[in-house]
Amino acid sequence: MAKNTKLTHIAFIMDGNGRWAKARNLPRTAGHKAGCDRVTDIYEECLAQDIKVISLYAFSTENWNRPKSEISQLFKYLEIFFKKEIDRMLRDGTKIIASGDLSRLPKKTQEIVKEAIKRTENCGNFTFNICLNYGGKAEIIRATKLIAQEVLDKKISIDDINEEMYDNYLYTKGLPPVDLLIRTSGEQRTSNYMPWQLCYAEMIFPKTPWPDFDKEELRKCIDIYKNRDRRYGAIKDEEE
């Protein structure tokens with residue numbers, strides 16, 4: 001039986017930066033820097049594997065509870081990443097999008113992210129989805145309010161609401177659902193990340209912290225994924 005394991009969209013929860021730093025007697029910010037550097041390697045391998053969409057959980061709505069100094073440094077590393085990688089992404093034909101409410105981010109970070117989005121808006125080979133100030137529950141509430149307003153304005157009727165329509169009100173409008181979620185550092189939960197998009201995703205939880213999660217580790221996860229049997233509620237022929 002076919003395993004239905006075509007891999008189009010990988011989502012990453014980049015966990016373990018702080019623990020990686022602590023194990024080396026380094027400040028947590030050093031872990032975030034190493035984590036940002038690791039994104040480039042993973043991006044390269046995803047392109048080599050012809051994976052069309054990459055989603056990265058860079059900053060959650062809950063991460064505002066961290067120390068202000070750590071948050072500030074994290075955004076600086078993010079700014080450096082986009083300044084460094086934007087020209088290469090343009091050459092690769094990679095479209096950059098952002099999922100989440102950017103309005104709370106530092107003004108400079110907003111400007112750099114929006115510039116990257118604008119410069120790559122006509123690219124069509126790959127999509128790099130950076131999730132910033134993102135929370136899955138907040139995304140669903142936002143989409144529901146937008147749809148409710150459309151009903152109130154009599155632009156649509158309640159009967160028009162279905163899964164396909166709902167997709168169009170999410171930050172990930174136009175993207176395929178997530179095929180594979182990888183959360184590094186061994187934690188086995190989704191932490192409010194893409195609950196709608198992950199409905200039928202396969203999930204892998206390697207123990208390796210994100211700064212050590214290299215191309216070989218990613219290839220191992222892809223091999224595991226390809227040996228999964230994605231049935232989407234169906235049964236195997238021999239079970240009928």
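How many bridges join strand β1 (residues 9-13) to strand β2 (residues 53-60)? The answer is 5, and the two strands run parallel.

Before I go on, some housekeeping. This is a predicted model, where local features need pLDDT of at least 70 and side-chain atom pairs count only at pLDDT 80 or more, while totals for chains, interfaces and linings use all residues. Residues are numbered from 1 along each chain as its sequence is written, and side-chain values use heavy atoms, with hydrogens and water left out.

Okay, back to the sheet. Helices (H or I, at least four residues) and strands (E, at least two) are DSSP runs, numbered from the N terminus. Two strands pair if DSSP finds at least two bridges between them. Here, 6 strands make an open sheet with parallel pairing, in the order β3-β4-β2-β1-β5-β6. At the edges you find β3 (94-99) and β6 (202-204), each with a single partner strand, so one side of each has no neighbour in the sheet. From one strand to the next, the twist averages 20 degrees.

Now the helices. For angles, axes are lines fitted to C-alpha atoms, for helices over the stretch in contact, and the angles run from 0 to 180 degrees between N-to-C directions. Helix α2 (residues 28-48) lies across β1, β2, β3 and β4 (126-134), at about 160 degrees to β2. Helix α3 (residues 68-92) lies across β2, β3 and β4, at about 165 degrees to β4.

Let's stay with α3. It bends by about 45 degrees at E85; that's the angle between axes fitted to the seven residues ending there and the seven starting there. Just after α3, G93 takes a positive phi of about 75 degrees.

Who sits beside α3? Its axis and that of helix α4 (residues 107-119) come within 10 Å and cross at roughly 15 degrees. Contact means heavy atoms within 4.5 Å, and among the residues making it are F75, L78 and F82 of α3 and I112, V113 and A116 of α4.

Last pair: α2 and helix α7 (residues 215-226), whose axes come within 9 Å and cross at roughly 45 degrees. They are therefore oblique to each other. D41, I42, E44, E45 and C46 in α2 meet K215, L218 and R219 in α7.

Key. Angles under 35 degrees count as roughly parallel, over 145 as roughly antiparallel, 65 to 115 as roughly perpendicular and the rest as oblique.
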